Amino acid sequence: MLMAVSLLSLMLFVHAAEPADNLIEQGVQKGLRGDYPGAIEDFNRAIRLDPADPDAYYNRGLARGSIGDLKGALADYSKSISLDPRSFGAYNNRGFTLAALGRYAEANADMSRAIALKPDMAELYNNRGTVRTSMKRYALAIADFTRATELDPLLVGAYNNRGLARNLSGDLSGAVADYLKAVGIDPRYKVAWYNLGNTHVALGEAKEAVEDYSKVLVLDPDMLAARNNRAFARLSLGDYPGALEDLNRVVSASPQNASGLYNRGVVRRLAGDRQGAMEDLRRASALGDSLADEVLREMMSHDSVSP
């Protein structure tokens, strides 16, 4: 499974320009500290004092979105836009919120409005490209990510996201080039390393995939998806001990994870550890894994016909 990072970038809090708007400034500071409920209360008070201030609605929208109140955020950004139709940040953030709600066509329209207002801002193209990737409009998404990198050659997320779009469109070699560019700019960019590993697996390049996942695990030893995927890359290379080492860590970290138990059971079976395989598959089956049931039936059926 591929993942992208920095899919959408919210424009940050807008600082009040008028001295009378001290409440907005106070709310901004609370929001920057992560005190979103306190920030919302300050913005509420500011709106009661001046219902026509677009910054108050904009900032409250950002705070509401940060606590998961997407509908409230959407309403606030819309109000801010009605008061200040040239606020590219409000269009961007409303687009972000619409995308989070799965309303991609509307999100794309808002991102396009933001770009029309601020055509030299790389992050806006990156954001629209991500929305277009979600819409499976890969050629347009790739064009957006490319424009983002032209405007800001160090915008690492745009390379990762273009790699994702290229991967989804079937251009695996192009995806590899983009992920390599991303980690070349930021060697600690674990998601790009992870995506690179997945793409190397898809290309049948298991050795390279193991190296990619290993880099991820140096950066984040607790990323179970990378550990699980490295196990199967190792398995394809015939490295049963290495695969089992990874899956032991997965099961140890998440003992109620049926898929981890199933995967280890399969590897144990391939490695000739029938008893260990049966134990893992039974535990996975008890947790509701239907694939484990199938493998158990196959193993028991084989036993019944063996001489």
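Guide: An angle under 35 degrees counts as roughly parallel, over 145 as roughly antiparallel, 65 to 115 as roughly perpendicular, and the rest as oblique. What you have above is a predicted model, where local features need pLDDT of at least 70, side-chain atom pairs count only at pLDDT 80 or more, and totals for chains, interfaces and linings use all residues. Residues are numbered from 1 along each chain as its sequence is written, and side-chain values use heavy atoms, with hydrogens and water left out.

Visitor: Let's start with H1 and H2: are they roughly parallel or roughly antiparallel to each other?

Guide: H1 covers residues 22–32 and H2 covers residues 36–49; helices (H or I, at least four residues) and strands (E, at least two) are DSSP runs, numbered from the N terminus. The H1 and H2 axes come within 8 Å and cross at roughly 165 degrees. Axes are lines fitted to C-alpha atoms, for helices over the stretch in contact, and angles run from 0 to 180 degrees between N-to-C directions. H1 and H2 are therefore roughly antiparallel.

Visitor: On to H3 and H4. How many charged residues does their contact have?

Guide: H3 (residues 54–66) and H4 (residues 70–83) have axes that come within 8 Å and cross at roughly 160 degrees, so the two helices are roughly antiparallel. On the H3 side you'll find Pro54, Tyr57, Tyr58, Arg60, Gly61, Leu62, Arg64 and Gly65, meeting Leu70, Gly72, Ala73, Asp76, Tyr77, Lys79, Ser80 and Leu83 of H4. Eight of the residues in this contact are nonpolar and four are polar, while the charged ones number four.

Visitor: How many charged residues are there where H10 meets H11?

Guide: The H10 and H11 axes are 9 Å apart at an angle of about 155 degrees, so this pair is roughly antiparallel. Leu172, Ala175, Val176, Tyr179, Leu180, Ala182 and Val183 of H10 meet Ala192, Trp193, Asn195, Leu196, Thr199, His200 and Ala202 of H11. The contact has eleven nonpolar and three polar residues, and as for charged ones, there are no charged residues.

Visitor: How many of the 13 residues of H11 are buried?

Guide: Buried means under 20% relative accessible area, exposed over 50%, and partly exposed in between (1.4 Å probe, protein chains only). The buried residues of H11 are Val191, Ala192, Trp193, Tyr194, Asn195, Leu196, Gly197, Asn198, Thr199 and His200, and what covers them includes H9 (156–168), H10, H12 (206–219) and H13 (224–236). H11 is largely enclosed by the rest of the structure, because the buried share of its 13 residues is ten.

Visitor: How far apart are the end C-alpha atoms of H11?

Guide: The expected span of a helix is 1.5 Å times one less than its number of residues. With 13 residues, H11 should span 18 Å, which agrees with its end C-alpha atoms being apart by 19 Å.

Visitor: Is alanine 202 buried or exposed?

Guide: Alanine 202 sits in H11, which covers residues 190–202. At a relative accessible area of 53%, alanine 202 is exposed.

Visitor: Which residues does aspartate 178 touch, leaving out those up to four places away in sequence?

Guide: Aspartate 178 is in H10 (residues 172–185) and counts as buried because its relative accessibility is 2%. Outside its sequence neighbourhood, aspartate 178 touches Tyr159, Arg162, Gly163 and Arg166.

Visitor: What is phi of lysine 136?

Guide: Lysine 136 lies in the loop between H7 (122–134) and H8 (138–151), and it is exposed, with a relative accessible area of 64%. Its phi is positive in a residue other than glycine, near 65 degrees.

Note on methods: Contact = heavy atoms within 4.5 Å. Nonpolar A, V, L, I, M, F, W, Y, C, P; charged D, E, K, R; others polar.
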